[in-house]
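Please read the briefing below with the sequence and the 3D structure open beside it.

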Amino acid sequence: MASAGPMPGMGQVMVLNAKTQRTQGRKAQLDNINAARAVADIIRSTLGPRSMLKMLLDPMGGIVITNDGNCILREVDVSHPTAKSMIELSRAQDEEVGDGTTSVIILAGEMLINAEPFVRTNIHPTVIVRGYNYALQEALSICEKLALVVDVHDTVRMTSLVQSCIGTKFSSRWNDIMVDMALKAVLTVAREIPTPGSVNDVYSQKMEVDIKRYAKVEKIPGGEIGDCAVLKGVMFNKDVTHSKMRRRIENPRILLLDTPLEYKKGESQTNVEITDEEDWNTLLKMEEEYVENMCMEIIAFKPDIVITEKGVSDLAQHYFAKADITAFRRLRKTDNNRVARATGATIVSRTDEIREEDIGTGCGLFEMRKIGEEYFAFFEECKEPKACTVILRGGSKDVLNEIERNLLDAMQVVRNVVFDPRLLPGGGATEMAVSVGLRKAGLKLEGIQQGPFLAVGEAMEVIPRTLAQNCGVSVIRTVTQLRAKHAAAYEEIEKNGSDGAFPKCNWGIDGTTGQLVDMEQFGIWEPFSVKIQTIKTAVESACMILRIDDIVSGSKKKGY
Amino acid sequence: MSAPNPASTGLSRTLIARQPYPHRHHNIYRATMSAPNPASTGLFINGTRETGQDVRTGNVTAALAVANIVKTSLGPVGLDKMLVDDIGDVLITNDGATILKSLEVEHPAARVLVDLANLQDSEVGDGTTSVVIIASELLRRGNDLVKNGIHPTTIISGYRSALKAAVSYIKKEMVVHVDNLGDEHLMNAARTSMSSKIIGKESDFFSKMAVDAVKSVKMTATAADVAGYEAMGSSTSATSNKHKYPLSAIHILKAHGKSSMESHLIDGGFAINAMRAAQGMPTMVESTPEAPVKIAMLDMNLQRHRMGMGVQVIVKDPAEIENIKKREMDITKERINKIIDAGAKVVLTTKGVDDLCMKYFVEAGIICARRCVREDLKRLAKATGGRVVTTMADMEGNEAFDADCLGACDSVREVRIGDGEMLYVYGCKGHGASTIVLRGANEYMLDEMDRALHDSLCVVKRMLESNTLVPGGGAAEAALSVHLDDYAHTIDSREQVVIQEYADALLVIPKTLAVNAAKDASELVAKLRSVHAKGQHGDDDPSLKYMGLDLIEGSIRDNLKAGVVEPAISKIKSLRFATEAAITILRIDDRITLNAAQ
C-alpha cells in the first residue's frame, strides 16, 4: 500500500489504488536476483552432452519432453516479473540465432548472482552496470581474437561443428545422420541475395537462408531414425485426385495454380430467377463449359502435373485423366511455394494467363510413394533445388518432436555459420578464456568498477562449471585445472616477452567424460554469432534488471 | 459508497465521521446509511466534504507521495522502476511521466501532478521527473507557510513574482547562446537527457544517433512556425531559425535480438514492418540513374471486386452471369495494371491483396506488401513525396491512377531482422524521414530504449529550434536559488518570505541528485550555493555560474565544460509548469466528493 505516513490530526491520504503493491530499494534488487537465480536453476541441468531431459505437463494434460532451454521456459508458468523478463531472453535468443538458449539464461542468472555481494555492500547499481558494460566490451574483443574462420563448404569441419551443437541432444545416437541432414538442408536453401550497389550498410546480410519457409521438416511416425533423409527436392502428404492418373513421371512439366478448378460464383451477390426451361439448361451448360475451358487452357500447355491450392472438380479431374495429367488439389500455400522454388515454376492465378515460362521443368522424378498408411508425393532429383523437405522417421510422436527441435537447432547453427563463418572453441573453452582474460585486464583497472568488472569474468566460469557438474566430475578440481591451463598460456606469453600478443588457448571440458581436452584437437566448435549474442544478451539483461529499485504491481494497463 | 471500512481502505477517519446527509430525493436510501452526523457541513449533498487546512494538508501529502515515487529515478545515477500490471505485464522504466501514467493514482490532487508530468512530456518531452519534484516541493513549502498564518493568495502572488524573476534571470544570465550550434553541443544535450536512462551507458553511440536522426528530418519552417518559437519565449535570432524538425518523421522500430549497440539509424530511409506478399517477388528494387524507384501507397482493397450491399444487377441472358464474374476479376486486374503502368515498382496497401492478383506483381517484378499500418503509410507518403491513394475514381467516374501520387526513393529491399522481415526504403526523395531500428535483449528493454530515445530526440529538437542552452546537473537551480534569495531582499511586502521559500524549493533538484548518488547532499548543495553566491556577488570568473554537481565524483565542476547541458526552453517551461501546478493545488480550500449516482 503506497501512501504517505499518517499525518498528525488526520487520517491517511490515499494516493494510489489500494490493490497496488510495492517492493522498494534493496529488497527489490535482491528479490530480482533471487528470481533470476531460480530461473537459471530450472534449466541448469540441461547444459552439455550429459544433460537430462525435462518432462513438462501442461494444464491440458499434454506432455513435452525436451532439454531445449527455450522450450522448457516457454512452458513454465512464472509469476515473478523478473523471471518473466529472463524467459523473454531465451525467446529473443531463439529467434535471433536459434541456439544457446540454455546458456544465455544460465549466464544472465550468474551475472546477477555475482552482483549480489556488490548490492549488499552498498555499491551503487549504476557503478555495477558501468563495470559490467566495460567488461562486456573487453569480453567481445577477446572473443574476436579467439575466433577461427571456417570454410562453409569444408564438410569435415562443419560436421564436427554441428555435432558439438546437437551432441547434447537426445538424438546423439544418430548424430552423423542428423548433422549430415542439417548441413545438406541448409546449403540447399542458402542463396545469395542481390545487394543494391547504392546502399552500403553493414546490417543487411548478403546471404539468405530461409529455413522456416524452404526447409520443411515432415515427421512420419514409424520406421526408424536411420531412415531420415533430406530430399533433393520436396515432398508433401497428398494423394492424386484420381486413381487413374500416372504415379511416376520422369522429368515432369509442372504447372502450379492457386485458383479453383471448379465452378465458382462471383463475389457479388447473384440471384438467378429462371422462368424458362431452356435457360436452366444453358446455365448448367455454362458451368460445365467454364470448367472445360479452364482445363483446355491448361492442357494446351501439356503439363504432366497440375497442382492447385484450391479444389478440383470431378469434371476437371475427368479432363485431366483423359489428357494423362496428374492433378493434386488443396495444397497449402507454403508447400506450393516450396514446390515452385524447387522446380522453377511460377504460381499462376488465372488459367487464361499461363505462359510457357510458368511451367516448372526443374524436377527430375515425380513419384507417389506409400509410407505407412498414407500416400506421399515426391518431387526428387531437382536440378537446382533451392528448397527441400527433410523426412524424419521415428518410433513415436514425442520422439519425432524432440528430433525435430534438435534438427532445427542444428540447421540454425549451420545457418549462423553461413552468415558469419567464424568459430569459437566450445566446451567452456571460450568462456574460460574470456574469464581469464577479464581477470588479467581487470587487475589493471583502477577504481570502484574493478569489482564488477572481475565479477563478469567470474560469472563466465559458470559454463565450464555447469558442464563439469552435469557430467559428475569434481567441479572445483576440474575448473581450477582449466583455469590454470588458460592462465599458463598468458604467463608463457609474458615470459616470451611478446606482451600484447593474444594467447590462443583452446582447452575446455569434454562434456561427456569431464576430462580437460584441447578443443582444437577434440573438434568442438561453436558459431561465433551465437556465443557473442549469448554474452551480449546476458550482460545487457543483467544490467537492466540491476537498475530496478522499485517494483510496483497492480498498476493499470499501460497506455504507452 | 455507504459506510466504507476504514481498516480496509485506509480512508480518513474524518470521512467516517462526516457521513453525509442523503440528498432529499434520495431519502429512500436513508435507511441504509448510518445516522446523519450533526458535525457535518450542513449542506444537503450526497457526498463528503473537506475544508480548510485539512484539505490543503491532504493535497500536499498526496503530491509529496507522488513525488516520492519518482524521486529515485532522477539524475544519472537514478534507478528504474518495474511496473507490473494486473495481468502480469511488465514495464521497466525511468521516465517520470510513464511511471505516473501507469500507476493508478486516485487522489485528485495527486492526479494534478500526474497530468503535469504528462503535460511536460507532450510539450517538452524531457524533464518529467524534475517538474513533479519541484511542484511537490513548492507545495510542501507553501503549505508550511499557510500553517504559519500566511494567506494562500499571498503565497500565490509570491510564487508568481519569483517565477517571473527566475525566468528573466535564466534568459538574461544563465542562457548560453550558441549561434552556430555544433554537433558537439547537441550531442551533449542528448547525452545529458539519456544519462539517467537505460541507454545512458552507451550515450556516445545513442546521442550521435539522436542528433543524426533529428538533423535528417530538417525542414524549412513556415512563418507560422517561427512565430510559434517566438511565442514560446525562445530568443530567436531571425537568421538562424528557418528550420523545423518534425519528430513525427522519425520512425522508431523495435526488434528484439542482438545487442543495443547494434541499433542503427537508416538515414533518409524508412522501414515498414511488412513483408513481401508473395515469395516470387524480388527482394529488392533499385533505382536507375534515370528513374528513381516509385512507390504506390494505397488505402484500398486489391481483392476481387464485389458489389456493395444492396446493389442489384438484373440480367436477362444467363450468359451475362458469366460476364459479371469475369468483370469482377478484370476490375481489379485493370486497377493493378493502371498502377503498374503509372510506373510503380513498389506497391504497399493497408488492405488485402488477392492471391489472384499476386501474379501480376510477380511478373512485373514489383514488391507488394499488404496489411501495412495506415499511419506508417502516411508517414512514408510524406517522406517519399507521394500520397496515400484511397480511391482511383476521378470526378468523371472513370478510374485512373495519377502518377503524381507515387513516392520516390533510391531503393527498397526486404531485410531479415531477428525472426521476421521488414521492408527498408532507402533514400526517400520527399520531405525526408529517418528510421531508427532498435535492438535489445528483450521487449521491456526495447520499450524503455524507445522512451529514452524519444526524450533525447525532443531535447535535440528543442536545442536546434531555440539555439540556447543552460548548464544542467543542478547548476541552473542553484544559481536561481541564490539569485532569488537576493531578489527577496528587495521586496518589502509579505511576499518576501514566500520568494525565499521558492528559492529554497529549487534546491530540491541538486539535493535529490546528490541523494540518489549516495553523496552528502547537504554539503554538496552548500558548496554549490557558495560558489554561485560568489559568482553573483562580484567575482568576475564567468565559469562560476555554470558550476554544477559531478555526481560520479561527488564534487563541484563547470558543467558547461563537462557537457552537461539542457535546452533553456525546457528549463523555463518546467519551472512554469511546476509553479502553475503548485498554485492550482494551493488555491484549493474545499473538496467535495460526490457519491456515485445510485
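In this predicted model, Arg44(A) is found in the loop that runs between α1 (25–43) and β2 (54–57) of chain A, where helices (H or I, at least four residues) and strands (E, at least two) are DSSP runs numbered from the N terminus. Arg44(A) is buried, with a relative accessible area of 17%; buried means under 20% relative accessible area, exposed means over 50%, and partly exposed is in between, with a 1.4 Å probe and protein chains only. Residues are numbered from 1 along each chain as its sequence is written, while chains are lettered from A and ligands numbered from 1 in the order in which they are written. Because the model is predicted, local features need pLDDT of at least 70 and side-chain atom pairs count only at pLDDT 80 or more, whereas totals for chains, interfaces and linings use all residues, and side-chain values use heavy atoms, with hydrogens and water left out.

**Surroundings of Arg44(A)**

- The side chain of Arg44(A) makes a polar contact with the side chain of Asp41(A), at 3.0 Å; a polar contact is a pair of N or O atoms within 3.5 Å, where within protein one must be able to donate a hydrogen and the other to accept it, and residues adjacent in sequence count only if both atoms are side-chain atoms.
- When its neighbours within four places in sequence are left aside, Arg44(A) is in contact (heavy atoms within 4.5 Å) with Ile106(A), Glu110(A), Val462(A), Thr466(A), Gln469(A) and Asn470(A).

**Aromatic rings**

- Over all chains there are nine aromatic pairs, counted when rings of Phe, Tyr and Trp (its six-membered ring) have centres within 6.5 Å, with planes under 30 degrees apart called stacked, over 60 edge-to-face and the rest tilted.
- Phe236(A) and Phe328(A) form an edge-to-face pair, with 5.4 Å from centre to centre and 85 degrees between the planes.
- Since Phe236(A) lies in strand β9 (residues 234–236) of chain A and Phe328(A) in strand β13 (residues 326–328) of chain A, this pair ties together parts that are 92 residues apart in sequence.
- Phe328(A) also forms an edge-to-face pair with Phe366(A), at 5.9 Å centre to centre and 80 degrees between the planes.
- Phe366(A) lies in strand β15 (residues 365–371) of chain A and Phe328(A) in strand β13, so the pair ties together parts that are 38 residues apart in sequence.
- Phe236(A) and Phe328(A) are both buried, and Phe366(A) is buried as well.
- One aromatic cluster is made up of Phe236(A), Phe328(A), Phe366(A) and Phe379(A).

**Charges over rings**

- Arg422(A) lies over the face of Phe528(A), at 3.9 Å from the ring centre; a charge sits over a ring if NZ of Lys or CZ of Arg is within 6 Å of the ring centre and within 35 degrees of the ring normal.
- The charged end of Lys485(A) is placed over the ring of Trp507(A), 4.1 Å from its centre.

**Where chain A meets chain B**

- In chain A, 93 residues are in contact with 100 residues of chain B.
- The two chains bury about 9,000 Å² between them, with 53% of it on carbon and sulfur atoms; buried area is the accessible area (1.4 Å probe) that two parts lose on being put together, summed over both.
- Between chain A and chain B there are nine salt bridges, a salt bridge being a side-chain nitrogen of Lys or Arg within 4 Å of a carboxyl oxygen of Asp or Glu.
- Helix α3 (residues 81–96) of chain A gives the most to the side of chain A that touches chain B, with ten residues.
- Arg355(A) and Glu363(B) meet through their side chains in a salt bridge of 3.2 Å, N to O.
- Arg355(A) lies in the loop between β14 (347–348) and β15 of chain A and Glu363(B) in helix α12 (residues 355–364) of chain B, so the pair joins two chains.

**Each chain as a whole**

- Chain A has 18 helices and 22 strands, and buried residues make up 57% of its 560 residues.
- Chain B has 20 helices and 23 strands, and of its 598 residues 58% count as buried.
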